[in-house]
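The following note was prepared for a colleague who wishes to review the model before using it.

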Amino acid sequence: ALILAIGNFIRPDAIVYLVPYLVYFFLQLLAQPLKFWRRNFAGFIIIIAVFTFTGSILSTAVKVNHINDVGMINPDPYNRLAVGLHLASNGRYSNDVNNQIKQLTQKQKYTRPQASLKITKDNLHTLSQTRKRDLLNFFAYKQALYAFGIFDGLNFPLGYFSSYHSFLYKLLSWLNSGYILIVFIFALVGFWKTDYRQQLLKIILPFIIFVGLFSNIFNEVQYRYSFAIQPIIFILASIGFNYLLNKVRAKINV
């Protein structure tokens, strides 16, 4: 809950990652109501409380430091969709979308959410007319950037650095992408070798990763938005790494 609350601070949509927990607890309540009330209800309350309390503290800090008068509340919830479904920018931050919003708000007197909603609908229409191959490339690009930082994923935190040391910046980008790719492979091994009775590792954590990848299809994509689920991937990767390490040790009798 603490990790997801901090992830929600990085990008206020990490609340969707609570959905797997809510679904899991709901199914537990239906399947084993007595066990739920005896063993799982306290955990359910703690997760919700920690997420809400941490989010409130961070939102208050945003207000106090005059970063945003409404804290972490997003006054334009459709903007992430308007950008995320923009084919020309591959779903990344786009000055073109911002200019369209300005034109609609200034010349046609749209409110900002109305302008973003209109652009979202226009983008959906454009995608519906796009060839299947181009659509697949569009969504594959977004997932590669989100999950592995491929396609200049470090531009947001280190973009200024690229103008001074372009070679070093490219090297760091590729090392980061390679590192995360290896972690994902270990995570797949960890998921594969986890016992089905370990429901947290076999069901909930993979479901959270899936929710992150799925929501990325529609939302604006930046590599840093995946930071909310990376600690979960690391947990599964540690299991996979430990499994493979024990296999190697057994073969060489260490």
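How many helices and how many strands does the secondary structure of the protein come to?

1. The model under review is predicted. Its secondary structure consists of 11 helices and zero strands. Read from the N terminus, the order of elements is accordingly α-α-α-α-α-α-α-α-α-α-α.

2. As to overall dimensions, a box of roughly 70 × 50 × 40 Å, taken along the principal axes, holds the C-alpha atoms of the protein. The accessible surface amounts to about 15500 Å², and carbon and sulfur atoms contribute 66% of that surface.

3. The protein has 254 residues, of which 39% are buried.

4. Helix α2 spans residues 19–31 and helix α3 spans residues 33–64. These two helices pack at an angle of about 160°, and their axes are 9 Å apart. Because angles over 145 degrees count as roughly antiparallel, α2 and α3 are therefore described as roughly antiparallel to each other. Their crossing is left-handed.

5. On the α2 side, the contact is made by Y21, L22, F25, Q28, L29, L30 and A31. On the α3 side, the contributing residues are P33, K35, F36, W37, N40, G43, F44, I47 and I48. What is the division of these residues into nonpolar, polar and charged? The contact of α2 with α3 comprises 12 nonpolar residues, three polar residues and one charged residue.

Definitions and conventions
Residues numbered from 1 in each chain as written. Predicted model: local features only at pLDDT ≥ 70, side-chain atom pairs only at ≥ 80, totals over all residues. Heavy atoms only, no water. Axes fitted to C-alpha atoms, helices over the stretch in contact; angles between N-to-C directions. Helix = DSSP H or I, 4+ residues; strand = E, 2+ residues; numbered from the N terminus. Parallel < 35°, antiparallel > 145°, perpendicular 65-115°, else oblique. Left-handed = near helix turned anticlockwise from the far one by under 90°. Contact = heavy atoms within 4.5 Å. Nonpolar A, V, L, I, M, F, W, Y, C, P; charged D, E, K, R; others polar. Buried < 20%, exposed > 50% of the residue type's maximum accessible area, 1.4 Å probe, protein only. Areas by Shrake-Rupley, 256 points an atom, 1.4 Å probe, with all protein chains shown as cover.
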